[in-house]
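Visitor: Please take me through a model of this kind one feature at a time, giving the general idea before the particular case.

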Amino acid sequence: MIRIKSFIFAASFLAATSSISAQIKTRSYMDNGDKWGIIDENLKVVIPAEYLSAGEFTGKCANVEVAQNKWALVDINNKEIIRFTCDKLKPMKCGWCLMIGTDGKYSFVNEKGEYLVKDAVYASEFSQGLAGVTQGNYERIDYIKPDGTVAFSIDEAKGREFHNGLALVENIFESYGIIDKTGKFLTPTELRRTSYLGEGAFLTEDPENPYHYMIINKYGKILSPKNIVSATKVYNGISYLTLYGHKNFNSYAFNLKTRELSSKELFISNNSSKYMATFGKFPDGKTKFTLCDSSFNPLCDRDFEYFGDEVNDIFVFLDHGKNIYVNTKGKTFVAEKANYLMP
């Protein structure tokens, strides 16, 4: 049975948390063999690479894995605040970390060791002030606030995070519906394999053609072709689509407002339309990656052999056997001693 404890944090703690998180973006990085630490958006090492894995700073705490099934919250000085026995500890959001136990149960904990929810069968992370918590045998979702009170409940199996006032909910048949922040259904739970792209748009599988996708709005209206393989996040109304039937799985800019598909072929490796890791052939005949903005202006004065991933607008590329982290100002940080190459 889920136990929800209701209390309110001191206003000073919340103010301090929000001010710190507003000042810094961070991500994990690998160095020192196969150890993990945390760097900030200026590529400054915040937490040295000494952990089995690491997350990011959200407020005054960061989540790190200190040993197998042992996670901790550390402060900006890498001082351990509290340790938990669990399979996974997510970054703190709205004052709470989502913790997945070794038994697969979900709980919300804070840096004081207090529990908001304990032993749920499923829970989403807090987003836009709400988290979906599944009660019982996947019978009901309670969307709760950071003080533990229930905002609304839905008789479905799993509730996902909110983005721009919208969230996906899943039923026991693994079909999805879209709700708003009042719990009102904007579409029935009939969507298959659905994810949020941003700016009110969703990527969902064509029910008549498995593994072929299309973009819909929050009411389920189809906005795009139905032969999509993959789509980037939407930025300023643009998503870059990879389509079945087009050579080499190149990407094409799709304008969600005009519903026009560009004929220009691109190759984009990451899932963003704001900052893009593009792939192309250079004058020397080699194919390489570059980091560009939404207008395809280069952000970095060098190119790379491979693209790894992107977290909080901090990219990692591989070049000459090194993991190289790059920010959107074009600054680079080379992990000299990493023995595992990100891509």
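Visitor: Which backbone nitrogen lies 2.9 Å from a polar atom of the side chain of Asn327?
Guide: A polar contact is a pair of N or O atoms within 3.5 Å, where within protein one atom must be able to donate a hydrogen and the other to accept it, and residues adjacent in sequence count only if both atoms are side-chain atoms. Here the backbone nitrogen belongs to Lys331, and its distance from a polar atom of the Asn327 side chain is 2.9 Å. Bear in mind that this is a predicted model, in which local features need pLDDT of at least 70 and side-chain atom pairs count only at pLDDT 80 or more, while totals for chains, interfaces and linings use all residues. Residues are numbered from 1 along each chain as its sequence is written, and side-chain values use heavy atoms, with hydrogens and water left out.

Visitor: Where does Asn327 lie, and is Asn327 buried or exposed?
Guide: Asn327 sits in the loop between β31 (322–326) and β32 (332–335); such labels are DSSP runs numbered from the N terminus, helices being H or I of at least four residues and strands E of at least two. Buried means under 20% relative accessible area, exposed means over 50%, and partly exposed falls in between, with a 1.4 Å probe and protein chains only. Asn327, with a relative accessibility of 4%, counts as buried.

Visitor: Which side chain does a polar contact join to that of Glu170?
Guide: The partner is Arg160, whose side chain makes a polar contact of 2.4 Å with that of Glu170. Glu170 belongs to strand β18 and is buried, since its relative accessible area is 8%.

Visitor: How do I read a sheet, and which strands stand at the edges of the one with β5 and β8 in it?
Guide: Two strands pair if DSSP finds at least two bridges between them. In a regular strand the side chains alternate between the two faces of the sheet. The open sheet here has four strands in the order β5-β6-β7-β8, paired antiparallel. The edges are β5 and β8 (80–85), each of which has a single partner strand, so one side of each is left without a neighbour in the sheet. Five bridges join β7 (residues 70–74) to β8 in the antiparallel sense, and among the facing residues Leu73 has Ile82 in β8 as its bridge partner.

Visitor: How many residues lie between β20 and β21 in their hairpin?
Guide: There are two residues between them, and Glu199 in the turn has a positive phi of about 55°. The two strands, β20 and β21 (residues 201–205), pair in the antiparallel sense over four bridges, with Phe202 in β21 as the bridge partner of Tyr196. Strand β20 (residues 191–198) also pairs with β19 (residues 175–180), again antiparallel, over two bridges, and Leu191 in β20 stands opposite Tyr176.

Visitor: How many residues line the largest pocket?
Guide: Rolling a probe the size of a water molecule over the atoms shows where empty space is left. On a 1 Å grid over the protein atoms alone, points where a 1.4 Å probe fits form a pocket if the set is open and has protein on both sides within 12 Å along at least five of seven lines; lining residues have an atom within 4 Å of a point. The largest pocket has 41 lining residues, with Glu56, Lys93, His163, Lys233 and Asn312 nearest its centre. Elements that give two or more residues to this lining are α1 (11–23), β5 (53–58), β9 (88–93), β18 (166–170) and β29 (306–311), and the largest share, four residues, comes from α1. The second largest pocket is lined by 13 residues, of which Leu266, Thr278, Phe279, Gly280 and Phe296 are closest to its centre; β27 (275–281) and β28 (287–293) each supply at least two residues of that lining.
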